[in-house]
Structure formats: C-alpha cells, structure tokens
Amino acid sequence: MSTTTRTPTPSDTVASPRGPERPAGRRRSLLRSNWLGGLAGWVWMLVVMVPVYWIVISSFKTQSNFFASNPMLPPDEWSLDSYRLVIESDFVRYFANSVVVTAGAIVPAVLMSFMASYAIVRGGDNRFLRLSNSVFLMGLAIPLQAVIIPVYLIIIRMRMYDTLGGMILPSIAFAIPLSVLVLSNFIRDVPRELFESMRLDGASEWTTMWRLAFPLTRPALVTVTIYNALITWNNFLLPLILTQDPEKRTLPLALWSFQGQYGVNVPAVLASVVLTTLPILVFYAIGRRQLLSGLTAGFGK
Amino acid sequence: MSAASGTASDAPSVTRRGGTRPGALWWLAVPALLFFTVFGVLPLLGVVGLSFARWNGIGAITPGGLSAWRAVLGDPGLAHSIWVTFEIMAVSWLVQTPASILLGTFLAGPQRYRAFLAVLYVVPLLLSSAAIAVTWKALLDPNFGLGAGLGWDLLSQNWLGEGALAVGVVIFIVSWQFVPFHALIYQGGVRQIPRSLYEAAEIDGAGRVRQFFSITLPQLKYTVITSSTLMVVGSLTFFDLIFVLTAGGPGDATRVLAVEMYQTGFLGNQMGPASAIAVIIVFSGLVIAQVLRRLGGRDPSASELEGM
C-alpha cells in the first residue's frame, strides 16, 4: 500500500529520510583505508557491550559468587536467585503500572496527534490550524523538567496526585509535539489525487481520514508510537514528582528504590535492570527500523 | 458532523480548489491542542508566574514579588550550579562531537557489519537514565565494582566520591548514552553528501584524510549545528542520570541546574526559587539555540553547493 505514496518511508533506512544512496563508486574508497573510523567503531562496540555483558552475567551470579569470581567471566552455576528476589519484591505490580501508563498515554496521544496532523495538512488556510501548528512547533522546545513544578500544581489541583492517571495526562501532552511534526510531514507526502478520488467517490473527510490517510501513514504511526512508548516507559521524573505511594511506582522509579533496598546485593540490582529493560529489547527486536527512524526523526538535515 | 462535509460526486468547482474546504477540519486539532495547552503552554506561563510567588508545595500560593529571584540570584549555590551545568555541557560536547562524527562517517559506509555494529550501539539509548545510572553506580563501586573484581587499581578508584572524578564520570556516562544517537544523525548527514564531490576529489588525487577535511566536514556543517543544538540544549535538562548516580554530590560537585531546582523545590519546599531556576533553564536553552542557529546561517540549502 505504501508504495503508492511514491515517497521513501522512514522505515527504508536507519537514519536518512531521503533513503540510502549506496553509491557503488564510494564503496571501494570507503573500504580502502578508513582505519581510524574502523578502529573507533570496534572500540566503541567494546565500550557499549562490556558493561551490557557485565550486567547480564552478573545478574545470574549468586551474591557470594559475585564477590568471589572474576567479574568478566560467566558464573560457574547460573543462578536465578536474584530474579526470584526482584520478582517477589512487587516487580509485577510496577511492571503493570508501567504498562498501564505507557499504553494509556501513547494510544490517545498518537490518535490525537494523527487527527491534528490530518487537519493541519488538509484543513487549508485556516487561522486556528496555523496557530495550532505553531503551538506544537514551539512545544518541541519546552522541556518537561523545566515545567514540572506547574505540572505538579495542576495534578494536585485535579486531585490526581498518586494516581496512574496523573502520570498519563502529562505524558500524553508531551508526546504530542514531535508526533504532530512527524505525522504531518508524512501526510503531506500522500499524493493529492488519492484524496481527490476519495472525494469523487463521495467519502466524507472523516472517512477519508481513517480509510485513506490512516493506513497510508502507518509507517510513521508505528515510528511515533514506538518512540513515544520508549520515552514514556523510561520516564523517571513524572513518577518521582507525582507519586508517593510505592504501589503507584513505575519501573524506573522502582529501580531507583531497589538500589537503595538491595544495597550491596549487586546481582539483585542488576537483575532488576535486566527485567526492566527486557520489554524494550523485545520491542527493539520487533521494530528496530521504526524505532531508529523515530529517534532521529526530523533531524535529517 | 462528518456527513456534512461529504459532497456530491460531480462538483467541479470544489475540486478546482485542490480539495480543501477551509474551516471544515479545524475541530480535529482541538483535542491535541487542548492537551498540550493545559500541560505544556500553561505550565510554561505558570513557571514564570510561580517564580514571583511564595509556595511551599502544599499550602496556599501567595504573591512574593521579587523575593524568589532575589534569593536565587543572591545564592552562591546558583552560580556554582550554573558553572557545573556549563562545564558538563562544554566538555561533553567536546567529547561527543568528534566521536559522533567519526562513528557517523564510519557507519555511513555500506558494509553489512557496520549495520550490525549500529544495532549494538543503540542499546544504551533504549535504557532509561535511571537504569544506566544504577548500572554504572554498581560497576564503578570502589569495593564491589568491576575494578575491585579485576584487581586493577586504576579502575578501582572512588569514582563517585571525589568531586573532579564524579564530574568526569557524569560526562563519560552521558557520552556513553548519547554518542550513538548523534552518530546516527551524522550517518544520515554523510549519506546525503553528493557522491560526485568525492569522485572529483579522487580524480584530483585527494586522499581519504584530505577528503574528510575538505568535503565531509564542511558538508556536515548543518548537521553539526543540529546535533550540537540537541546536545547542548539537552544537557541543560539532565536530571535523572545525575540524580540517581550522585544526587548532585559528592557535596555539590555535580549539582547541575535541574538537580538544584528539584532540591530547592521538592526537598527544600521553596517552589518560588525553584521556579526561578526553571525559568533560567528555559531561558538559557532558548538563547543557546538561537545563538547556534545564527552561527549556522539562515540558508540550509546552501550546503549543497559548498565546495562545488
């Protein structure tokens, strides 16, 4: 379906919105002697992977084995003790909270952003829509950290302190600006003739939006969904500021308190890191391309 | 309401206008705008307002005039926070930019193994800053960390217990987390450089190094501006990582503006001064972004022709 749009979709390539040009002519010269880049590439791989490797193997060591063994060697006996301990420490509840907050924020945020983008692209010369567009563009420059105090005030006044909803509402709002930017750029590339033919068939704008634009925008929708899900899943500040009750914690905050709770039980701390990251890695394995294009969305130039 | 916008199939006068019916769709943008206004725009105004108020975070909010600003600007702690913030900003820029350009150029090559390396590089981007901080804190622990386990004295220093070391550690971890992101941006930039430039250079006998400095780097000018803006403005809001890693310590060695704001407001119950610090954060970000944009010039399309 997306081939009809004739435009390169963000999923074509990792970071280049224009699509990869893989010039055969450069292949030779690049292969020839970029030894510095090659060295940096492999060194960086070690810099990234050594800590990751250490986290994983250490989390399977028992506490005594952890202190006694060579830290870079895998455990003699793979132990699940740390994982058992973390799961028994209410991990499931924090996990469920994170799922509720992420899903509860991202689904409405993406749908609202899609509708707004459709209106901005298809609504013609309308003062309200132009204003909305500039508000969203300006919103890209507002960091959540800087406005957290008024957000806290608003959430208390709405009597939503210590609720999952209290974390969901600001998450929705801060997912909107980038989503609108990415989605509206994408909808703009849908050929006009397709809208025309829908209209000649007598379809309303509402029908056109869901039946034509929505399926054609799917790659971009997946991108913003995954990207925003990652941001929301990893958010630490909102649960820190907006909750007090341990039962309302989401995973990043729980991780912080695990660290205080387990202290020197390093394998347990690392097991909690692995468990909180696992869902993201699964997501990454499924939607790697969309995620990468989402991470660099809008920064192509 | 949607039915009203359906038109008869033979309405050439409407088709002529390119399929737009001004005004018919505006309401679709209302929910998104409403949400962002309530939780984005209002708080932005609110934080300015609160910086002129007295509030302990629980009780009533009363007008405070300039007292919050006077307290913040007269506090030597603020000057220190600003210094630490800009120190981390500048040094991490200096570390990250060359590394990202080098890795980005490397990743732009067509070889399969480079794509595979890119997959691994991105792993730190997926982790939450809290997870990264927790991990490195364990890894760098002088008694239980990697250095102690391997018995290497060089690695088993009290990394987070000494001011200068702690700042270095923060900069290192920030780079660990974000270099891959900027490398991906540079990868995109390098792939957009016209191949003909390299072919011409090759005919002229320019070597790889010469090509890099005479073509790749000048052509990446606007990518450098974009990446630097994100890096620098982003570093103003570092909170999670530093808060979990050092909580601003040891002493106040890593107390950046965002941590100072949190401690003043949510631990010290002085929301007025905390809001003033938040205003300083927003304002610095806008100023820096503007300066970088000026530095980059106004016409991004010019880059295509540079050096041709």
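Residues are numbered from 1 along each chain as its sequence is written, while chains are lettered from A and ligands numbered from 1 in the order in which they are written. Because the model is predicted, local features need pLDDT of at least 70 and side-chain atom pairs count only at pLDDT 80 or more, whereas totals for chains, interfaces and linings use all residues.

**The two chains together**

Where chain B meets chain A, 96 residues of chain B are in contact with 108 residues of chain A (two residues are in contact if their C-beta atoms, placed from the backbone, lie within 7 Å). The largest share of the side of chain B, 15 residues, is supplied by helix α2 (residues 30-50) of chain B; helices are DSSP runs of H or I with at least four residues, numbered from the N terminus. Sorted by class, this side of chain B has 62 nonpolar, 26 polar and eight charged residues, where Ala, Val, Leu, Ile, Met, Phe, Trp, Tyr, Cys and Pro count as nonpolar, Asp, Glu, Lys and Arg as charged, and the others, Gly among them, as polar.

**Pairs of helices**

| Pair | Angle | Axis distance |
|---|---|---|
| α4(B) and α9(B) | about 40° | 7 Å apart |
| α5(A) and α2(B) | about 40° | 11 Å apart |
| α10(B) and α11(B) | roughly 145° | within 11 Å |

The helices α5(A) and α2(B) are therefore oblique to each other, since angles under 35 degrees count as roughly parallel, over 145 as roughly antiparallel, 65 to 115 as roughly perpendicular and the rest as oblique. Their crossing is left-handed, a word used if the near helix is turned anticlockwise from the far one by less than a right angle, with right-handed used if clockwise. On α5(A) the contact is made by S132(A), V135(A), F136(A) and G139(A), and on α2(B) by L33(B), F36(B), G40(B) and V41(B).

Within chain B, the crossing of α4(B) and α9(B) is right-handed, and the residues of this contact divide into 17 nonpolar, nine polar and one charged. The crossing of α10(B) and α11(B) is right-handed, with L197(B), Y198(B) and A201(B) of α10(B) meeting Q211(B), S214(B) and I215(B) of α11(B).

Terms used: Axes are lines fitted to C-alpha atoms, for helices over the stretch in contact, and angles run from 0 to 180 degrees between N-to-C directions. Helices (H or I, at least four residues) and strands (E, at least two) are DSSP runs, numbered from the N terminus.
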